[in-house]
Amino acid sequence: MNQKFRYCTAIVALWGTCAMAQQDTISLKEVVISDTKFEQSKEKSGKIIEKITAEDLARNTGQSVATVLSQAVGLEVNGNQSANGKNLSYFIRGGRNRQVLIVIDGIPMTDASGINLEYDLRLLPTEQVESIEIMKGAASTLYGTGAASGVINITLKKAAKKEIAGNAYMHLGTQNTSENFRGNPQDFNQGFGLNGTLDKVDYYASLNSTETKGISQASGENFEEDRFSRVNALAKFGIQASSKLKLNFFGNYDRMKTDYDGPFDNLNNPDVQENVSLSEQFRFGFNPNYKYKKGEFILNSGFTLLERSYDEFSSYSGTIDQYVYTSRSMSIDAMNKYNFHKNFFLIVGTQFQFHDMSTQTPFDVIERERAKFNLVDPYVTAVFNSDFGLHLNAGARLNLHSVYDNQWVYNVNPSYHFKELPLKIITSYSTAFITPSLYQLYSPYGNLALTPEENTTAEVGFETTFLNKKMTFNAVGFYREESNSIGFFFDPETFASYYVNVEGENRVRGIETTLTYNMTSKLRFTGNYSFTDIPEELNRLIPKHKGNVAIDYTMNTRTLASLNYQYVDGRRDAFFDGGTFTTTDVFLGSYQLLNGLVKYDVLKNRMTVFGSVNNILNEEFLETVGYNTRGRNVQVGFNFLF
């Protein structure tokens, strides 16, 4: 244990111990939606669902969505501490981007032109987010393809109840590595929003802008600064057509432009000034909700048009080549919840998805007319909540795909809440699938004989409360198995190259624990720890041990102070060595981060200012071999409500 680790641990332990004698109560009436798609008390859920509330997001003012998520138990977001334009990788229970489904307001998000159908969270500003739920484990029964190791369920902000409300904000921050420090602002984040409710009509609109410079993505002496620019516009519109029917519409535009460097290969200079990427996303949708005496009907529909373009310098030809990837995605999910009894309800739904893509690069062209597929998935979930403490959630889904044969997935999730004891036991066994991407099917390396990757998760755990419900502790042990994975085959003799289903299984085991303690009405302590035992085949950039601690102190009705500590264990990485033409393994050392924030209401319920210091100890570390990470940085800003 090094000196910095002992120092941070001592600070956290001392601060936490000082107020152990003072207590307050934790609310257990929180509502979650991820395990049924309908609102349900967290007490009745058979899963340990981590919810990041609006209050939690306020305690992380100035942080990106990726950085906020990286503090959740069992979730690693590689790249969240690098330059803003650096690609992100999401890891849950050993699963990677393709195995983690991101859902925004009920719509599954994907880039259909990507190799792995993953979604780029860099497109989403934290300022648009109301709350986030993280549900781990195979969840394809409710959510379909991609929900293999977990679901990140994001809810965007909604209209206020009063006729007109809004806000305007601005954040300024430095952008430094641990080896240099400049006090002038290099990170600019600003925006405004307007929302409200007029009789039976509600509305929400926001505009956000981010501009960052200051550090290079690639690590090296005198490398040029890589700029990051993002603009986000969101509009929502709702009509309460009757006491039972609500009609909701949304539309948004996201634009992200960033400089990027070449890959690290230990030979060539990755610092390329000419490389620029541009992503533009258009989304719109219609989400009616109908409530009747015995139940509720919801239709979540959305359409996404996403175009990514890359201007990339070719060292071979000395010219700038252009790569353009365009995708269209449609999702329509119709679901009905029917209450047969106060203790039993049934969810029946059908989800339709359509994806197509086109690609134009110097090496290949993929036509939209050929590269497309659709999925039609009927599903059913039954939920039983007894009066004596037994809860059961069980269901199944049939995946009907236009390219490959049908696929069944299912889940069984019993739990028991003891009435005499503050204890809930949870267990689950669930399966999932990941459809081959359009690129894996229709690119020059495509293979139409591919079948879906299969995943299985078994878990057992408990949740309990202490000190008259002032402290909550939960722990979950999991076992995850993936098979029929999609890999890339290359024959060195014939140079044949294409995607294949890989034989064999990969197994991941682990433990996740969380502790929450409201020491007083003013002092709150949270901590989590995860252990992930990863097989050799999957062991890249995933820490075996990871922990987070946060202490929030409300000094008075106007002042909040927050201190966050994070420990990330050493990880394995690899790169292709351009000198030896071999893949070289690299071990990245462990690191720890200490961050602090203070917020103050200058005008109560009207204007708030904040200041934060991230990486207070100026820790030097690597997230990915060959790329920079941020050192000590300062951020200040304000939020004005009207």
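**Second largest cavity.** I began with the lining of the second largest cavity in this predicted model, and sorted by class its residues come out as 13 nonpolar, 12 polar and two charged. I then looked up the volume of the second largest cavity, which is about 280 Å³. There are 27 lining residues, and I noted Leu 101, Met 109, Thr 110, Leu 117 and Thr 145 as those nearest the centre. Asking which elements give two or more residues to this lining, I found strand S6 (100-104), strand S7 (107-109), strand S17 (295-313), strand S18 (320-341), strand S19 (344-360) and strand S21 (372-385).

**Largest cavity.** I next counted the cavities of 30 Å³ or more, of which the structure holds 10, and the largest of them contains about 580 Å³ of space. I listed 36 residues lining the largest cavity, with Gly 62, Gln 63, Ser 64, Asn 84 and Arg 630 closest to its centre. At least two lining residues each come from helix H3 (65-69), strand S11 (187-198), strand S13 (228-240) and strand S37 (633-641). For the lining of the largest cavity I recorded nine nonpolar, 21 polar and six charged residues.

**Nonpolar surface patch.** Strand S35 (591-603) and S37 each give the patch at least two residues, and the largest share, three residues, belongs to S35. I checked Val 602, which sits in strand S35, and I noted it as partly exposed because its relative accessible area is 35%, a value between the 20% and 50% limits.

**Positive phi angles.** I then looked at backbone torsions, keeping in mind that most residues other than glycine have a negative phi. Asn 484 is a residue other than glycine with a positive phi, near 60°, and I placed it in the loop between strand S26 (471-483) and strand S27 (486-490). Asn 615 is likewise not a glycine, and its phi is positive at about 55°; I located Asn 615 in the loop between strand S36 (607-614) and S37.

Terms used
Residues are numbered from 1 along each chain as its sequence is written. This is a predicted model: local features need pLDDT of at least 70, side-chain atom pairs count only at pLDDT 80 or more; totals for chains, interfaces and linings use all residues. Side-chain values use heavy atoms; hydrogens and water are left out. On a 1 Å grid over the protein atoms alone, a cavity is a set of points where a 1.4 Å probe fits but cannot get out, and a pocket is an open set with protein on both sides within 12 Å along at least five of seven lines; lining residues have an atom within 4 Å of a point. Grid points are joined across faces, edges and corners, and a volume is the space filled by probe spheres set on the points. Helices (H or I, at least four residues) and strands (E, at least two) are DSSP runs, numbered from the N terminus. Ala, Val, Leu, Ile, Met, Phe, Trp, Tyr, Cys and Pro count as nonpolar, Asp, Glu, Lys and Arg as charged, and the others, Gly among them, as polar. Buried means under 20% relative accessible area, exposed over 50%, partly exposed in between (1.4 Å probe, protein chains only).
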